[in-house]
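Q: Please take a close look at the side-chain contacts in this structure. Cover the aromatic pairs, the charges over rings and the salt bridges.

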Amino acid sequence: MTKLKLLWRRRKTLIVALMAATGSFLLGVTWPINFRANQPLQPIQAQVLAVSQSQEQQPMSNINKFSEAIANRVEFSQQSLAQLQAIRFQSAVPSQFQGTTIRHGKLNPQRKAIALTFDDGPWPKTTTQILDILKENNIKATFFWVGKYLKNSPDIGKQVAAAGHAIGNHTWSHEYLQYNEDGAAREIDRTSSLIEELTGIQTSMFRPPGGILNNGLAAYAQKKNYAVVMWSADSFDWRTLTESLIDNVMRQANSGGIVLMHDGGGNRARTVKALPEIIARLRKEGYSFVTVPELLQMQEQDLQQQETAQK
C-alpha cells in the first residue's frame with residue numbers, strides 16, 4: 001500500500017510540473033513583446049510557480065484564469081497586428097503608379113484635395129511640433145525620411161508612424177552626388193530597411209534629394225518599383241520668410257497638388273509658424289487634406305469611373 005501511495009504522489013508531482021512547464025511555454029509565446037520587454041522576468045516566473053503549487057487545491061479555477069489571461073494576450077496581439085497592417089497600408093502606393101514619377105494627382109474637377117509633404121526628418125523638436133499641428137487639425141500628411149536622421153531619432157519616427165502619417169524614403173545621407181547602382185542601392189535600401197525595422201512600414205515611395213532625377217537614385221528607385229514622388233507646389237521654406245512661405249504655397253496650390261515643406265535638415269521654425277495659417281487658408285478655399293498614397297488612390301478611382309462611364 002505504501003508503494004502505491006508513493007507512486008501516486010510521484011505521478012501527481014509529475015503532472016503538476018508538466019502543467020507548469022506548459023504554462024511557462026505558452027506565456028512566453030503569447031505575451032506581447034513590448035510588455036515582456038518592460039517587465040522583470042522573476043515576477044512572471046513566480047506567477048507560473050504559484051499556478052503549479054496550487055494545482056492540488058484549486059486546479060480548475062486556476063487553469064480557467066490562466067487560460068483567460070492567455071486569451072486576452074492573444075487578442076491584444078491580434079489587435080496590434082491589425083494596427084500594423086493598417087499603418088503599412090497608409091504608405092502603400094497603388095501598383096499602377098509604382099515605378100513611375102509623380103508630380104501631381106490627376107483628379108476629377110469636382111474633387112478638391114491636396115497633399116502636404118515634409119522632407120528631411122525626423123528632426124528633434126520640429127517634427128513633433130508639426131505632428132501636434134497636424135493632430136489639432138485632424139490632418140494626415142506624408143513624411144520623406146533621411147535614414148541617418150531616423151537612426152538618430154527613432155522614437156520620433158515611431159511617433160509619426162503611430163499617428164497614421166504616410167512614410168517615404170529620402171535616401172540615407174541626403175547628398176547631391178552621382179551614384180552608380182551599388183551606391184544608389186546603399187542609399188535607398190538601407191533607409192527602407194530601417195523604416196521597416198522601426199515602424200513595420202514597407203514604403204513604396206521615394207523622393208530624391210533636391211528633386212534630382214538624373215544622378216542614379218531615381219533610376220534605381222524606379223527599378224525597385226518605388227513611386228518617385230516629386231511636388232507641384234514648393235514652399236521654399238528653407239530660404240524664405242514666413243509670409244513668403246505662405247504665399248508660395250497658396251499661389252501654387254491646386255486640386256491634386258503635392259506641397260513640399262520640410263520638418264528637418266535644419267532650423268524649420270518658419271515652417272512650424274506658417275503651417276497653421278497654410279492649413280486655415282487652404283481649408284477656407286475648400287481643400288481637403290490627404291496623404292500621397294490617398295491622392296493616388298483617388299486618382300485610380302477617378303480613372304476607373306471614367307473607364308466604366310465610357311463603356
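A: The side-chain contacts follow, group by group.

This is a predicted model, in which local features need pLDDT of at least 70, side-chain atom pairs count only at pLDDT 80 or more, and totals for chains, interfaces and linings use all residues. Residues are numbered from 1 along each chain as its sequence is written, and side-chain values use heavy atoms, with hydrogens and water left out.

Aromatic pairs come first. Searching the whole structure gives two of them. Rings of Phe, Tyr and Trp (its six-membered ring) pair if their centres lie within 6.5 Å; planes under 30 degrees apart count as stacked, over 60 as edge-to-face and the rest as tilted. Phe 118 and Phe 143 are stacked, because their ring centres are 5.3 Å apart and their planes lie at 25°. This pair links distant parts of the chain: Phe 118 belongs to strand β2 (residues 113-121) and Phe 143 to strand β3 (residues 142-145), 25 residues apart. Strands (E, at least two residues) and helices (H or I, at least four) are DSSP runs, numbered from the N terminus. Both Phe 118 and Phe 143 are buried. Buried means under 20% relative accessible area, exposed over 50%, partly exposed in between (1.4 Å probe, protein chains only).

Trp 123 and Tyr 149 have ring centres 5.0 Å apart and planes at 85°, so this pair is edge-to-face. Trp 123 sits in the loop between β2 and α5 (126-136), Tyr 149 in helix α6 (residues 147-152). Trp 123 is partly exposed at 23% relative accessible area.

Next, charges over rings. The test is NZ of Lys or CZ of Arg within 6 Å of the ring centre and within 35 degrees of the ring normal. Lys 112 lies over the face of Tyr 287, 4.8 Å from the ring centre. Arg 190 has its charged end over the ring of Trp 172, at 3.7 Å from the centre.

Now the salt bridges. The whole structure holds five, each a side-chain nitrogen of Lys or Arg within 4 Å of a carboxyl oxygen of Asp or Glu. One of them joins Arg 111 to Asp 302, with the closest N and O atoms 3.0 Å apart. These partners are 191 residues apart, Arg 111 in the loop between β1 (101-102) and β2, Asp 302 in helix α12 (residues 292-310). Asp 302 is buried at 3%, whereas Arg 111 is partly exposed at 24%.

Arg 281 and Glu 277 also meet in a salt bridge (2.8 Å, N to O). Both lie in helix α11 (residues 269-284), four residues apart, about one turn of the helix. Shared partners join Asp 247, Glu 277 and Arg 281 into one salt-bridge network.
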